[in-house]
Amino acid sequence: MLDEYGREIDYLRISITDRCNLRCRYCMPHDIETVAMEEILTYEEIASVAEAAAALNISKLRITGGEPLVRRGVCRLIEMLKGIKGIDTVSITTNGILLGDMLDELIASGLDGINLSLDTPDPERYRMITGFDRLNDVLKGMDKALEKGVPLKINAVSLDFDRFLGIKEGENTAGSGIEAGSGEDGDIPSDVEALIALAEDKKVDVRFIELMPIGNGKGFPGIAHKKLIPLIKKHYGSLERDDSGRGNGPAVYYRSEGLSGRVGFISAIHEKFCDSCNRIRLTSTGMLKSCLCYDTGVDVKKILREEGASDDREKAVIKAVQDCILMKPVSHSFTEGEKITERHGMSAIGG
Ligand code: SAM
Ligand code: SF4
């Protein structure tokens with residue numbers, strides 16, 4: 001379906017839990033409160049929203065969270081979503097801790113692809129960011145998925161690591177770090193280099209995502225891509241733009257001679273790609289959200305749980321998805337702090 005600005009909305013991101021087995025510092029504080037299970041949509045309720053979305057020509061779904069693999073029965077949900085007429089792909093975004101253990105079941109459920117979140121392949125820095133010493137599990141899960149031929153991309157938040165890791169636990173830094181950078185004259189940050197090295201012999205795309213001023217992300221320093229991309233280009237020398245198979249996603253890709261995979265950039269803050277935005281979101285507590293930046297949306301859980309005939313409910317859920325699409329703003333305002341009305345963290349919204 002087209003939104004008010006003529007954008008084709010064909011993608012729904014579904015958060016199925018606000019819980020997680022990691023505590024990435026820019027995402028979830030250690031003492032975060034989770035919502036009661038009865039506030040979280042059941043799989044049947046999620047499937048009803050997905051059916052309504054499919055009726056409006058949404059064909060791509062992504063399951064996220066929190067950590068989606070910690071919710072029991074996630075493979076049953078994938079099977080349910082794959083069975084909906086009009087749904088072409090169901091993918092997942094995961095931190096990969098449980099990926100190795102669950103991979104066979106995920107493949108059997110029909111999963112189409114995995115976005116694996118990994119901000120550094122350095123074990124000590126991984127522990128300092130996530131709070132847990134689980135890097136090996138992630139790398140094992142990744143290798144197993146690649147061996148089995150599951151399409152997999154690595155997503156890393158572009159953090160200014162040295163400044164980031166200097167911030168003490170619980171310390172609240174002033175303001176957003178989105179303007180921060182390590183300087184155009186510097187060298188490529190070592191974590192960025194080590195992440196790109198994963199694409200040397202593995203056919204995997206490594207994508208960098210600008211840190212957004214959402215929830216805990218507000219207090220941490222990220223590297224702006226307008227600074228990072230020149231550093232990477234200088235380091236690799238031969239980066240060639242390659243957007244083959246990009247679809248209408250927000251990533252811009254480059255290829256280099258020495259790399260089997262590509263390097264991608266999702267420059268959420270500095271290269272506003274809002275004019276090609278193709279998505280809406282469903283939070284785990286049943287809010288349909290039109291944009292990450294604002295708290296506008298539709299409470300579809302209320303509709304799903306209202307008494308009444310199921311035909312009427314079906315129509316009302318389709319209308320809720322339609323209303324959410326029509327509420328989509330022309331663009332985000334991440335660089336104008338006072339205009340950001342979203343107060344929930346990324347783990348609650350579904351990143
Ligand atoms: N737990 C899963 C994972 O980590 O992949 C799925 C949920 S997590 C919220 C999804 C993605 O959002 C992760 O790649 C994470 O790094 C990213 N993320 C979290 N907070 C962010 C922020 N403030 N800005 C940009 N990305 C963020
Ligand atoms: Fe958990 Fe993902 Fe947030 Fe990290 S980014 S705390 S893995 S939800």
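Helix H5, residues 135-147, contains 13 residues and spans 18 Å from its first C-alpha to its last, close to the 18 Å expected at 1.5 Å a residue. Helices are DSSP runs (H or I, at least four residues) numbered from the N terminus, and the expected span is 1.5 Å times one less than the number of residues. This is a predicted model, in which local features need pLDDT of at least 70 and side-chain atom pairs count only at pLDDT 80 or more, while totals for chains, interfaces and linings use all residues. Residues are numbered from 1 along each chain as its sequence is written, chains are lettered from A and ligands numbered from 1 in the order in which they are written, and side-chain values use heavy atoms, with hydrogens and water left out.

- Leu135, Val138, Gly141, Met142 and Ala145 are the buried residues of H5 (buried means under 20% relative accessible area, with a 1.4 Å probe and protein chains only).
- Seen down the axis of H5, these buried residues fall within an arc of 130°, so they line one face of the helix; the arc is that of the directions from the helix axis to the C-beta atoms.
- Asn136, Lys140 and Glu147 are exposed (over 50%) on the face of H5 turned away from its buried side.

**Ligand 1 and its contacts**

- Tyr26, Gly66, Glu67, Ser117 and Met212 come nearest among the 17 residues around ligand 1 (a heavy atom within 4 Å).
- An oxygen atom of ligand 1 is 2.5 Å from a side-chain N or O atom of Ser117.
- A nitrogen atom of ligand 1 lies 3.0 Å from a polar backbone atom of Gly66.

How values were computed. A polar contact is a pair of N or O atoms within 3.5 Å; within protein, one must be able to donate a hydrogen and the other to accept it, and residues adjacent in sequence count only if both atoms are side-chain atoms. Helices (H or I, at least four residues) and strands (E, at least two) are DSSP runs, numbered from the N terminus.
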